[in-house]
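Dear colleague,

Please find below the structure that I am handing over to you, together with its sequence. My findings follow directly after it.

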Amino acid sequence: MGSIKITYAPIDTKKGKRQYYLSYSLVFAVAAMIVYCWYFAAGRTFIWNGDGWVQHFKALVYYARYLRAIILELVSSHRLVIPEWDFCIGEGSDILQTFHYYVIGDPFAFFSVLVPVRFMHLYYDGMILLRLFLAGVMFSILCFESGCRSRYGVLAGSLSYVFCFWAVFNTARHPFFLNPMVYLPMLLIGVERIFRGRRLYFMIAAVFLSAVSNLYFFYMLVMVTVIYTALRLAVFYRKTPALRKEGLRLFLRIVFASVVGVGLAAVILLPSCYMVLHDARFSSSPALHLFYPFYYYCRLPSALFSQGNEYWTCMGYAAPVFPAVALLFCRKRYGFLKALFLSGILMFLFPVFGWAMNGFSYTTNRWSWAFALLCAYILAVAWPLLMTAGIKDSRAMAVCLMVCFAVCILLEPSRTVMNFSALCLILLVVVLLRLFCEARASHCLRII
């Protein structure tokens, strides 16, 4: 009986891209069903009983009615009337400044205008899943734009990204906290395209969408993009005067595209900036310490392997991510990714970085979705290394894992069932990789 051989088109062809995104869509649908099946089986929605019901869902309903009122006035009276003030908001408040943080400017909320209120909970759930799906799509495009050619690696990285702890946690908490997971890959795609001499349109569109959607996360997106671009220039464009001159030219193009994107979003961005600058929550300045409390460091392994930590330190990732990171640091190459990874770890260790990333207001690591992107990208890059890992590589991964076991045993707050279950799962991944590599090596020897 003959074997069936499945062939794939190269990923840089239209057919190859179609095949990849079809595969991604199918795998995403299955994975989302597995991860969120409890909600569907229990007849529940993603609307959190706290802020989800009190703020997010009601803001979405208000926004839909607000847009319908504008359209009805335009159709019936042929006048474009955009209400700016509503006395039904508390004792009266500015509509844009009140709802920009939640819905106004968010492209995922805009089409709620077409949805009746009785179906709004379905739309609310659907837009959350759409955000996750598009985050994986943008991550995949970023990987292909930056040179990743392993379709299986990119697929594994995209699933690790969209189902990281930050994403799963905020699915049923703050849905618009998922938006930066879509926008950050877009911004980095724009940066990479400019580095490759392509037009500025994508970068302008990415900046515009990020700026018009949510000012709070736009600030973080800008900071992360600046760090990425600075390290990119420092690693690849510092060797000769000619390269430094070329790097400066590319940097100015990025700045120009960003200024144009911000200018297009200014109609929403500027009033929002005014509101934030006069907001008591951001104008307050709590004490800034050099270090976090001791228990924070004792619980960092829990944040890394299983569940979130204090200060919004959400770092839980898929099991193959840890072996991929360990293997990456066993190679002499990949200096840029190593620099980004170590920079991220450093930022988790000192409160000043969480304070700076939060607009110099108070310390929080709500930028940790960016680190999830980096870890998922490392998985995509290191996937061929994982599939060809030798005995030394397996030993190195096992040693790193044993060190983590020891750390979790020594630190009582990290000595949890969830942590050890996650570490056992990672160990299983390392063992399966070793068996896979040995089986493939023996198969190659038989062919020879």
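Two rings of Phe, Tyr or Trp are taken as a pair if their centres lie within 6.5 Å, the six-membered ring being used for Trp. On that basis, Y101, Y102, F165, W166, F169, F176, F177, Y216, F217, W312 and W369 form one aromatic cluster. Please bear in mind that this is a predicted model.

Confidence in the model

The mean pLDDT of the protein is 87, and 93% of its residues reach 70 or more. Residues 1–8 stay under 50 in pLDDT, and the model gives this segment three contacts beyond four places in sequence. Where pLDDT is low, the predicted coordinates should not be read in detail.

Aromatic rings

The count of aromatic pairs comes to 49. One of them joins Y20 and F144 in an edge-to-face arrangement, with 5.1 Å from centre to centre and 85° between the planes. This pair links distant parts of the chain, since Y20 belongs to helix α1 (residues 14–41) and F144 to helix α5 (residues 120–145), 124 residues apart. Are the two partners buried or exposed? Y20 has a relative accessibility of 2% and therefore counts as buried; F144 is also buried, at 12%.

R232 is placed over two rings. Its charged end sits over the ring of F195, 4.6 Å from the ring centre, and also over the ring of F236, 4.8 Å from that centre.

Helix α12 (residues 266–277) contains 12 residues and reaches 16 Å from its first C-alpha to its last, close to the 16 Å expected at 1.5 Å a residue. Its buried residues are I268, L269 and S272. These residues lie on the same side of α12, because they cover an arc of only 95° around the axis. On the other side of the helix, V267, L270, Y274 and L277 are exposed. The cover over the buried residues of α12 includes α3 (95–99), α9 (201–213), α10 (215–236) and α11 (241–264).

Helix α9 has 13 residues, which should span 18 Å at 1.5 Å a residue; its end C-alpha atoms are 18 Å apart, so the two values agree. The buried residues in α9 are M203, I204, A206, V207, S210, A211, V212 and S213. They pack against α4, α8, α10, α11 and α12.

Two buried loop residues

A172 is found in the loop between α7 (165–171) and α8 (179–195). With a relative accessibility of 15%, A172 counts as buried, because the cut-off is under 20%. Which residues does A172 touch, leaving aside those up to four places away in sequence? They are Y39, F46 and W48. The C-alpha atoms of A172 and W48 are separated by 5.5 Å, although these residues are 124 apart along the chain.

S112 lies in the loop between α4 (107–110) and α5. Its relative accessibility is 0%, so S112 is likewise buried. Not counting residues up to four places away in sequence, S112 touches L60, Y63, A64, R68, M120 and Y123.

With kind regards

Technical notes:
Residues numbered from 1 in each chain as written. Predicted model: local features only at pLDDT ≥ 70, side-chain atom pairs only at ≥ 80, totals over all residues. Heavy atoms only, no water. Phe/Tyr/Trp six-rings, centres within 6.5 Å; stacked < 30°, edge-to-face > 60°. Helix = DSSP H or I, 4+ residues; strand = E, 2+ residues; numbered from the N terminus. Buried < 20%, exposed > 50% of the residue type's maximum accessible area, 1.4 Å probe, protein only. Lys NZ or Arg CZ within 6 Å of the ring centre and 35° of its normal. pLDDT = per-residue confidence, 0-100. Contact = heavy atoms within 4.5 Å. Expected span 1.5 Å × (residues − 1). Arc of directions from axis to C-beta.
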